[in-house]
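Please open the structure in a viewer and follow the stops below in order.

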Amino acid sequence: MNTAPRTPAATPADLTAWVASHRDDMVAELARYVDTETPSDDKECLDAALPGLEQWLTASLGTPAARRRADGGVYGDTLVLDWPGARTGHGDGAPPVALLCHYDTVWTKGTVAERPFALDGDTATGPGVFDMKAGLVQAVWALRALDALGLPRPPLRLVLNGDEELGSPGSRPVIEAEAGEAPAALVFEASADGAVKTARKGVGLFRVTATGVEAHAGLDPANGVSAVDEIARAVLALHALTDTAAGTTVNVGVLTGGTRPNVAAGRAVADLDIRVSDSAEAERVDRALAALRPHDPRASLALTGGWNRPVMARTDGIARLFELARTCAAEQGVELRECAVGGASDGNFVAALGVPVLDGLGAVGAGAHARDEHISIAGMTERTAVAARVLSALADPAVAAGLRQPAAASGTAA
């Protein structure tokens with residue numbers, strides 16, 4: 001990065017104006033990024049895209065001080081890039097602020113040919129534009145703004161993974177190792193109707209498999225044990241675990257079983273998604289899952305899977321980080337709101353380690369995982385300037401050091 005100060009007295013208004021003046025450049029980079037296909041389930045596409053992304057990051061932000069690319073195996077690789085701080089009192093050994101982004105999307109190969117990036121007035125569309133390609137563009141231009149205006153920025157570590165939409169199975173240990181000591185983590189996932197996310201639910205992905213006894217449904221019904229009947233009873237028991245007041249939802253989203261109508265089903269499977277707001281609820285659900293028993297003793301039920309992401313509770317550190325961001329946004333005339341959401345992100349992993357996390361700093365728009373996915377360009381420039389101001393504030397060692405607290409819950413998000 002270019003660290004030569006140019007405008008030491010730059011104000012929040014200068015930041016806003018500088019970012020706005022580069023709107024067209026940001027849109028052009030976003031268009032190229034969106035039209036580069038990165039489906040989560042296509043390792044070949046992900047491997048082809050990542051070198052170009054790294055070249056763009058290096059061209060935009062300068063040669064990193066350190067660079068690591070973790071092999072994701074069958075999943076997308078994770079790229080980790082470090083840059084030193086500029087115009088700051090942070091020592092050389094100070095842990096860097098973590099910037100978390102993912103480059104994979106839910107859209108399959110060929111979607112870009114059908115629905116490429118498009119701009120209509122203030123609205124941009126295209127696969128992954130909201131979740132979360134605009135977020136990485138915003139992070140890059142926030143840092144470019146600080147350098148251009150000679151404003152301070154903290155030591156930084158960008159963690160860019162390619163399997164977030166699959167639950168980050170390959171990248172989780174990399175994320176935890178690379179960001180676990182950070183004074184703060186900024187996650188450039190999309191906002192929730194403009195609000196940043198200061199609490200997220202924990203997510204469990206489980207499978208219940210019922211095994212019965214196959215027999216002719218008409219000639220030999222007494223000797224048959226229907227796995228479909230067993231899984232149906234299990235589904236009712238599972239859905240009864242939902243407690244919306246406690247923030248717990250259980251959803252059997254996929255149900256399969258049997259071979260033919262005239263055969264007692266020998267096997268049936270239920271795939272379920274569980275969301276919880278605190279560890280006590282996770283423990284309650286665990287106990288209930290462990291207690292599942294078949295209705296017919298000749299059948300069996302088997303549970304597999306587990307908790308994919310821990311709860312991201314609104315800790316004292318997260319509350320202080322949000323308050324810092326809210327103040328920074330207010331200096332730029334932006335009212336920044338916070339919320340708690342049922343969806344999870346890589347921020348859950350880092351927050352569980354005690355790192356203050358501010359999530360949802362990315363795009364303003366809607367339609368995640370939907371064909372009408374879109375963002376506001378005005379929102380993109382506004383949030384870029386806000387992110388730049390927050391990063392500049394974190395360049396103060398005292399501010400950064402004062403954020404981190406143990407990951408103990410301290411209330412719910414507004």
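In what order do the 4 strands of the open sheet run? The order is β4-β5-β16-β15, with antiparallel pairing; two strands pair if DSSP finds at least two bridges between them. This is a predicted model, in which local features need pLDDT of at least 70, side-chain atom pairs count only at pLDDT 80 or more, and totals for chains, interfaces and linings use all residues. Residues are numbered from 1 along each chain as its sequence is written, and side-chain values use heavy atoms, without hydrogens and water.

Select the edge strands, β4 (118-120) and β15 (365-366), each of which pairs on one side only. Strands here are DSSP runs of E with at least two residues, helices are runs of H or I with at least four, and both are numbered from the N terminus. Next, display β5 (residues 123-125), which pairs with β4 in the antiparallel sense over 3 bridges; L119 is found opposite A124 in β5.

Now select L238, a residue of helix α7 (residues 227-239). L238 is buried, at 1% relative accessibility; buried means under 20% relative accessible area, exposed over 50% and partly exposed in between, with a 1.4 Å probe and protein chains only. Beyond residues up to four places away in sequence, L238 touches V208, V250, V252, L272, L289 and L292, where contact means heavy atoms within 4.5 Å.

Finally, move to D296, in the loop between α8 (279-290) and β12 (300-309). D296 is buried, with a relative accessible area of 18%. Leaving aside neighbours within four places in sequence, D296 is in contact with V225 and E230.
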